[in-house]
Amino acid sequence: MTQIPSSAPNTRDGLVFHWPTVLFIALIHGLALGLAPFFFSWSAVALTLGLHWLFGSIGICLGYHRLLSHRSFRVPQGLEYAIALIGVLAFQGGPIFWVAGHRLHHAYTEDRDRDPYSAQRGFWWSHMLWLFYQRSTFFDPQQYYRYAPDLARDPVYRWFDSYGALLQIPLAGLLYLLGGWPFVVYGMLVRSVLLWHSTWLINSVTHLWGNRPFLCDDNSRNLWWAAILTYGEGWHNNHHAYPQVAPAGWHWWQIDITWWAIRTLQALGLARKVVMPPPERLGHDFRGWDSPLKPLRRLGSILPTYPHSPGGTQGNSHQSSPIGSNADYNADYDKESALP
Ligand SMILES: [Zn+2]
Ligand SMILES: [Zn+2]
């Protein structure tokens, strides 16, 4: 897409109002809401929840986010492609597009122009309007490829990025064969809408509401109900303080379903170099949340704590630098990124 001059009538701050995206998202919402009552079945609801977990927790949270965006752990290359393919099926854009935008979000958190979903532009902007008013930096492959060079040089990821959306067609066909139109309506339309909003919640509500145990230089928050709806990503203040750490929930009561899957891969010997929270940070910078639990831990360690993973690593290079040094963080994980 070519960026047109900011003086043109359908632009705002150099942003292009992208009618095809708006109409498409509106159409999927309309079809999902309009058809769902007529095709209801409990098996279709169960399918929706199952695919929401598979595509959301495994594909997006574990795959696109913690594995590809942050390299919080490593898996064999074939498994990495398989997990990325599950992310592609979530219908949230290709992996290079998603990862590039997310790395910019961390590098320039809440900057009005350089963070694609800057919370400084308001709730609806960070939730979904950023998809409607598009900036070529974030939406033109020729530009966003620069922010994920590790993926952009791989032909498999380039194919996923260019053509992955087409995989929705055979997926819909498979669901039709398995359960007829109820499976198509719920497994494709209802699932897409619910999963879109789950992911968008992280960009909107967790930069607005919740607690801030870490004093990052942004407004990221820990929000328990968002963490439940997003398989752990709602512990967003933890994540912004230490973006490369694999678990987003750092305490037993911070439910992080995606971390359960990473731990399973680790137990099977498939995940390695799992980046763990720095031990000294688990008790520091928290505003007393942990103090009631410390006597219990001393009594017999009956509460689960994070094991020191064999072959894993702990923390990241923030240990000696101020939390929230986003530019430093970005330089850490990928020195080839050409950030604007
Ligand atoms: Zn954020
Ligand atoms: Zn992140």
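How many C-beta neighbours does Lys273 have inside 10 Å, and does Lys273 count as buried or partly exposed? Lys273 has 14 such neighbours and therefore counts as partly exposed; a residue is buried with 20 or more other C-beta atoms within 10 Å of its own, exposed with 12 or fewer, and partly exposed in between, the C-beta atoms being placed from the backbone.

## Basis

This is a predicted model, in which local features need pLDDT of at least 70 and side-chain atom pairs count only at pLDDT 80 or more, while totals for chains, interfaces and linings use all residues. Residues are numbered from 1 along each chain as its sequence is written, and chains are lettered from A and ligands numbered from 1 in the order in which they are written.

## Helix H13 and helix H2

Helix H13 covers residues 257-267, and its buried residues are Ile257, Thr258, Trp259, Ala261, Ile262 and Gln266. (Helices are DSSP runs of H or I with at least four residues, strands are runs of E with at least two, and both are numbered from the N terminus.) Helix H2 (42-69) is included in what covers these buried residues.

The axes of H2 and H13 come within 10 Å and cross at roughly 75°; axes are lines fitted to C-alpha atoms, for helices over the stretch in contact, and angles run from 0 to 180 degrees between N-to-C directions. The two helices are therefore roughly perpendicular to each other (65 to 115 degrees; under 35 is roughly parallel, over 145 roughly antiparallel, the rest oblique).

## Positive phi

Most residues other than glycine have a negative phi. Lys273, in the loop between H13 and strand S4 (275-276), has a positive phi near 50°. Tyr231 is also not a glycine and has a positive phi of about 60°. Tyr231 counts as buried, because 25 C-beta neighbours lie inside 10 Å.

Key
Two residues are in contact if their C-beta atoms, placed from the backbone, lie within 7 Å.
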